[in-house]
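Please read the following walk through one protein chain with the sequence and the model side by side.

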Amino acid sequence: MRSLINPQAPGYNRIGLAGKEELLSRPLLAHDTQPSPGQRLRRKLSVLLASCAVSLAVLFAFNILACNGTLFGIKPRPSELASTTPLQARDDQSSSGEEDCPCKPTSTVPDYFNTSPGPWVGKTATGKAPLMAQTRTFDHAATYVPNAPLQTQVPVQGWEPGNLSIFDMMGFLTPYTPSTGFGVDEWPLPDGAEIIWLQMVSRHGSRYPTGGSNVEAFGARLANATGKFNATGELEFLNTWKYQMGTEILVPRGRQELFDSGVLHAYMYSSLYDPNTKIIARTTTQDRMLKSAENFLAGMFGLEWPNNVTLEVIIEGSNLNNSLAGYMNCPNEREEGLGSEARDIWVGKYLQNATERFSKLITGYNWTVEDTYAAQTLCAYDTVASGYSRFCSLFTYEEWIGFGYSHDLQFYGNNAFGSKTGRAVGIGFQQEVLARLQNHTIPYSETQVNVTLDNNTVTFPLNQSLYLDFSHDTNIVSILAAFGLTQFKQDLPADRYPGEHNFTVSHITPFGARLDIEIIKTPKPLKADRSGYEDEGEETKYVHFVLNQRTVPLGWSHSECDAARVDGWCEFETFLKVQEKMPGLARYTQVCFADGDGGSS
């Protein structure tokens, strides 16, 4: 710091080293007199009081500045404010919803670019740390299969070689695995074709159960009966078992799923990223959503991903507009809808034998079908949380088929075409994709689009060829419905398993699911049978939907896209024309806010 003393000022004289020594040898007071003991005491007290006064003044000023103009962080009462503040709009993103804490540092980063934990993170309790090397069991005489990282090689009665693993048929609790396909073969790009644009929307990774879930309730019931019941046989481990799950946040497997997805997308689409730019990616404020996005970006760009991407974090809260959690501003959307009713009917049927089987193995406890379903659900959660679960081998292969189907019934009736709000919950995201494809912002919308963000190219850029968004399983199911993918529209009976069917949640939204929408440019129109290019024609663009690494044939849902196309693509302008009618079919305002509107999507 430069000295404030001006050497050229009148009365200022330079003092050499000899002069300084002379000053140090002089007595403290003028006239060469020494102070008395009383004078020295009074002088020390004066200096001490002055120092205290200065310290208090500095502290007072610091608090005024650091606490945003308030005294020691104390807010004035509303009646003391000089002016009133209007209520926030439903899509307002300007407030975190949390009172400023005392001396909270002032940040110039807008809330929607702030990735620090805030008040909208949801429940974040963590569970007991796993010790799989000690807790797992296996048959030492059988062929040993190392865990990678989960132990999914478990004995299941009725499983035969060639059958799917039970971990590929756990509905929305399925650890990520590529889909088995949606009816068409995969085709490489022909010579001269190129992918020029990508929109990805991804589900978060594997997590702990949601608060208030059936597995949490099951754990509480057993805890309340501790010392009163006795379990034998394959249920004997319940005598000492305790529920020790966390709540809703990612487990290690969930972090891996999103990191691996980022690595996969780096290999598939990195050339779409311009290294001279910094793109916007979007997620929501829930902890598992934010962490999923960060793990994905680390996988795709490396640990220095903030140099490549600015992560936009949209508030996920009731009655707030957010296309990545569209149900939040659709009051008529209910978690427990027709799908939940159909699921419960099916659970009572397919788990009847298991319930009877388990009831005989436990005394002093009234074992119900709800306990059986919770125990089966615990296999999925316990495995991704701890690496291994003793609950998995309790059920037959047929009962695992029934478990997967229970989630198909639930999601179809609550979030897809079987729900009156199915299309409406996803329509906001559909509108955003169309806006990006047609290169315009969204100044007004009758959907749950956050217009505050989407009418601004800072938060809704239009110059990217790579768009990365992160959402939830139910929202992605509704997005598929909003795009009108009616190949997933089918009646599912609640009293019997119909065999293989298109709407299979394990294939649609496992943990870490991702929908990739590609725009492909070809030098000429491409023949529907992929035998080559047409002899005549100009440069053509196509839309290609890829769900969990398998093509969703657009022609199966939209005849205009040509169901005969073996590659499942749809001509770009045709796709845009088809999508124009989707908001009318979704009827967002009517089904989300009107009373007594029945029916399905």
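Which residues does Ile280 touch, not counting residues up to four places away in sequence? They are Phe113, Thr310, Glu312, Val458, Thr459, Pro461 and Gln464, where contact means heavy atoms within 4.5 Å. The model is predicted: local features need pLDDT of at least 70 and side-chain atom pairs count only at pLDDT 80 or more, while totals for chains, interfaces and linings use all residues. Residues are numbered from 1 along each chain as its sequence is written, and side-chain values use heavy atoms, with hydrogens and water left out.

Ile280 belongs to strand E3, residues 279-284. Helices (H or I, at least four residues) and strands (E, at least two) are DSSP runs, numbered from the N terminus. Ile280 counts as buried because its relative accessibility is 10%; buried means under 20% relative accessible area, exposed over 50%, and partly exposed in between, with a 1.4 Å probe and protein chains only.

Among contacts with a separation of 6 or more, 77% are between residues 24 or more positions apart.

Strand E8, residues 540-547, is mostly covered, with seven of its eight residues buried. Which strands does E8 pair with? Two strands pair if DSSP finds at least two bridges between them. Strand E7 (residues 514-522) pairs with E8 in the antiparallel sense over eight bridges, and here Ile517 stands opposite Phe545 of E8. Strand E10 (residues 570-571) is joined to E8 by two bridges and also runs antiparallel to E8; Val543 stands opposite Cys570 in E10. Strand E9 (residues 550-552) is antiparallel to E8 as well, with three bridges, and Leu547 has Arg550 in E9 as its bridge partner.

The hairpin of E8 and E9 has two residues between the strands, and in this hairpin Asn548 takes a positive phi near 50 degrees. Gln549 lies in the loop between E8 and E9. Although Gln549 is not a glycine, its phi is positive, at about 75 degrees. Gln549 counts as partly exposed because its relative accessible area is 34%.

A positive phi is also found at Asn319, which is not a glycine and has a value of about 65 degrees. Asn319 lies in the loop between strand E4 (309-314) and helix H7. With 44% relative accessibility, Asn319 counts as partly exposed.

The helices come next. Two packed helices are described by the angle between their axes and the distance between the axes. Axes are lines fitted to C-alpha atoms, for helices over the stretch in contact, and angles run from 0 to 180 degrees between N-to-C directions. The axes of H7 (residues 338-350) and helix H10 (residues 397-415) come within 6 Å and cross at roughly 165 degrees. H7 is therefore roughly antiparallel to H10; angles under 35 degrees count as roughly parallel, over 145 as roughly antiparallel, 65 to 115 as roughly perpendicular and the rest as oblique. On the H7 side, the residues that meet H10 include Leu338, Ala342, Trp346 and Tyr350. Those of H10 include Phe403, Tyr405 and Leu409. By class, this contact of H7 with H10 has eight nonpolar, seven polar and two charged residues. Ala, Val, Leu, Ile, Met, Phe, Trp, Tyr, Cys and Pro count as nonpolar, Asp, Glu, Lys and Arg as charged, and the others, Gly among them, as polar.

A second pair is helix H11 (residues 422-437) and helix H13 (residues 473-482), which pack at an angle of about 85 degrees with their axes 7 Å apart. H11 is therefore roughly perpendicular to H13. Among the residues making the contact are Val425, Ile427 and Phe429 of H11, and Ile479, Ala481 and Ala482 of H13. The residues of this contact of H11 with H13 divide into six nonpolar, five polar and one charged.

Helix H11 also holds Glu432. Is Glu432 buried or exposed? Glu432 counts as buried because its relative accessibility is 1%. Not counting residues up to four places away in sequence, Glu432 touches Arg282, Ser323, Ile442, Val449, Asp454 and Phe460.
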